[in-house]
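Colleague: I am new to this structure. Please take me through how to read its main features.

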Amino acid sequence: MKLSVFMGAVSQGLLWSILAIGVYITYKILDYADLTTEGSYPLGAAVAARFILGGMDPFFATILSMLTGMLAGLVTGILNTKLKIPSLLSGILSMTGLYSINLRVMGKANLPLLRQDTIITRVTSLGFETDTAVIIVGVVSVLAVILILWWFFGTEKGFAIRATGDNSNMIRALGVNTNSMVILGLVISNGLIALSGGIMAQYNGYADVGMGTGTIVIGLASVIIGEVLFGNTSILRSLFAVVLGSILYRIIIAFVLSKGLVPNDLKLLSSILLAVCLSLPLVKEKLSNFVDSIHKNKSREGEASA
């Protein structure tokens, strides 16, 4: 793999890792199957692109993209907790509605950002190459997100969200409003997902209404790869593991593409990779049981011969 391809994979992995952290919050911490991801990601891109084209400072446009994503998460949370619509269906409803909203925001299916002032061009104007600039933006953004979440999940509210995902009945018995915790978790998650979309739109140079397709698979693959390879013994370790998982995922994709994979098959490859990653814990358990049984048989044979 060429160095330029590797650098590109790392830079994309950093930007995608913000989305993966958002997926981690719902999938791992809240134990909530949220499909709003595929709508809130392009929402962030659409809002950032629209306001940048309107002359807004790219930093403020990026923050605004995150805030709109938080609103999307709020809607999903209300549908689920207040209207008692199942979590999976709540996400589907939000995702479907956001498709039309994203078209309304952009005015058309695709908004180009060529020759526009973005957070990427702000860094390249300092003398950095594009890939280096993206890595700088990615590292700063990811570190800021991780440090804020690490602090937040150490607070009373953060512990309540974690407890809601672990054992909602127990935390409810302690007087915590679990519905509010679910809503808060969805708001934070979709805010990060939209933030990722807003930054990626500036990196790609466009926002597209269909760019959210398959994002949930990419996010889950990053979470699972990070958890399996790097562990999840603490919140801080888990967050860094998700980032490393996202980077490794993009490196795998870049490597396979460099070997001649047709880009049209990327979604299929992502699904297969996710299926393999999800099955790894079971494979490790089976392998561990097999090794234990061998050791037990050997010990029994040794006792019998003695």
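Modeller: Start with charges: Lys and Arg count as positive and Asp and Glu as negative, while His and the chain ends are not counted. The place of a charge is NZ of Lys, CZ of Arg, CG of Asp or CD of Glu. In the protein chain, the mean positions of the 21 positive and 16 negative charges are 4 Å apart. This is a predicted model, in which local features need pLDDT of at least 70 and side-chain atom pairs count only at pLDDT 80 or more, while totals for chains, interfaces and linings use all residues. Residues are numbered from 1 along each chain as its sequence is written, and side-chain values use heavy atoms, leaving out hydrogens and water.

Colleague: How many helices and strands does the protein chain have?

Modeller: Helices (H or I, at least four residues) and strands (E, at least two) are DSSP runs, numbered from the N terminus. The protein chain has 12 helices and 2 strands, in the order α-α-α-α-β-α-α-α-α-α-β-α-α-α from the N terminus.

Colleague: Which domains does the assignment give for the protein chain?

Modeller: Domain bounds come from an automatic or database domain assignment. Here it gives domain 1 (3-261) and domain 2 (266-306), with C-alpha centres 34 Å apart. Contact means heavy atoms within 4.5 Å; 15 residues of domain 1 are in contact with 12 residues of domain 2.

Colleague: What share of the 306 residues is buried?

Modeller: Buried means under 20% relative accessible area, exposed over 50%, and partly exposed in between (1.4 Å probe, protein chains only). Buried residues make up 46% of the 306 in the protein chain.
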